[in-house]
Amino acid sequence: MASTKTITITPLSDHTGAEVEGVDLSKPIDAEVRARLNKAFVDHSVLVMRDQTLSAPQMLDAVKLFGEVFHQQNTRFALPECPEIHYISNQDKYDDGSRYIPGAGYHTDHSNAVEPPKATVLLALELPDSGGDTQYVNMQEAYDGLPEDTKRRIDGLKAVQVYQSRHSTRKLTGLSAENRARVADSVIHPIVRTHPENGRKGLFINPIRIDDIVGMEEAETLSLMDELMAHATQDKYQYWHKWRVGDLAMWDNRCLLHKANPDYDMDQMRYLYRVMLKGDAPY
Ligand code: SIN
């Protein structure tokens with residue numbers, strides 16, 4: 001069994017990401033290791049556990065070390081044999097036959113939920129020879145780097161978030177009537193949120209889901225979103241995860257944006273298991 005003496009946790013960049021070695025998630029994990037991993041998750045925002053060989057049910061058991069499963073809004077990608085696990089694949093198509101790349105645009109997962117998921121976890125099963133990194137943006141670092149007058153201007157602003165914003169340049173797959181009935185029409189969340197576990201403030205914006213900023217005209221909303229996105233997505237706030245087969249990576253949706261990078265040979269398969277964990281209402 002892993003012990004806190006045999007696991008190592010090594011940062012992957014100055015501000016985001018840490019690699020964990022010495023943990024086999026198919027085996028029992030004791031309370032001390034569990035607490036260390038949960039703390040490392042909050043400290044590093046992306047936790048990568050290498051060399052994991054897990055079936056879908058084993059992945060489900062493993063992620064429960066970190067929280068409770070959050071049910072996806074769109075059940076189209078659920079694994080038939082283990083529906084709480086979904087898959088990410090580059091081989092699916094939109095109804096018009098064009099290729100659908102899940103997550104190809106900066107976003108934070110399901111921020112249109114009243115209580116958005118605190119974390120998303122992927123397990124890499126098949127990867128292209130090169131490319132296909134996941135790009136993370138650290139929104140706490142980005143907030144800290146804003147000019148003070150911008151911080152004053154945006155603190156206290158709230159955004160209306162919906163399943164698919166009318167401004168989104170990325171098209172999501174449509175929801176079935178059954179899924180639609182489970183999804184709130186809209187929710188209102190602050191655009192600066194305080195992390196419930198480390199107390200840091202971070203930008204909480206999502207170009208796919210934000211329809212309006214409360215009390216602003218459309219043009220002003222779009223201009224503010226563009227300004228904040230241009231600031232946040234600077235290289236200095238990013239960490240790009242280069243996947244290896246067997247990586248189980250878990251990231252903190254409360255303080256990161258992420259996107260899948262479709263920069264690889266689409267004849268090669270990219271296939272990962274995916275599950276999210278419940279979170280709290282942002283404040
Ligand atoms: C996602 O947005 O959840 C998927 C990210 C990825 O495939 O890299």
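In which strand does Ser89 lie? Ser89 belongs to strand S6, which covers residues 82-89; helices (H or I, at least four residues) and strands (E, at least two) are DSSP runs, numbered from the N terminus.

Before I continue, a word on the source: this is a predicted model, in which local features need pLDDT of at least 70 and side-chain atom pairs count only at pLDDT 80 or more, while totals for chains, interfaces and linings use all residues. Residues are numbered from 1 along each chain as its sequence is written, and side-chain values use heavy atoms, with hydrogens and water left out.

Ser89 is buried, with a relative accessible area of 5%; buried means under 20%, exposed over 50%, and partly exposed in between, using a 1.4 Å probe and protein chains only. A polar atom of the Ser89 side chain lies 2.9 Å from the backbone nitrogen of Gln91.

Let us turn to a loop. Asn206 is found between strand S12 (201-203) and strand S13 (210-213), and Asn206 is buried, with a relative accessible area of 0%. Its side chain makes a polar contact with the side chain of Ser111, at 2.8 Å. A polar contact is a pair of N or O atoms within 3.5 Å; within protein, one must be able to donate a hydrogen and the other to accept it, and residues adjacent in sequence count only if both atoms are side-chain atoms. A polar side-chain atom of Asn206 also lies 2.9 Å from the backbone oxygen of Thr108.

Is Arg34 buried or partly exposed? Arg34, in helix H1 (residues 31-44), is partly exposed, with a relative accessible area of 37%. Arg34 and Leu65 are 31 residues apart along the chain, and their C-alpha atoms are separated by 6.5 Å.

Finally, I come to the ligand. For Thr134, a side-chain N or O atom is 2.5 Å from an oxygen atom of the ligand. A polar side-chain atom of His258 lies 3.0 Å from a ligand oxygen, and one of His107 lies 3.1 Å from a ligand oxygen. Taken alone, the ligand exposes 260 Å², and the protein buries 98% of that, with areas from the Shrake-Rupley method and a 1.4 Å probe.
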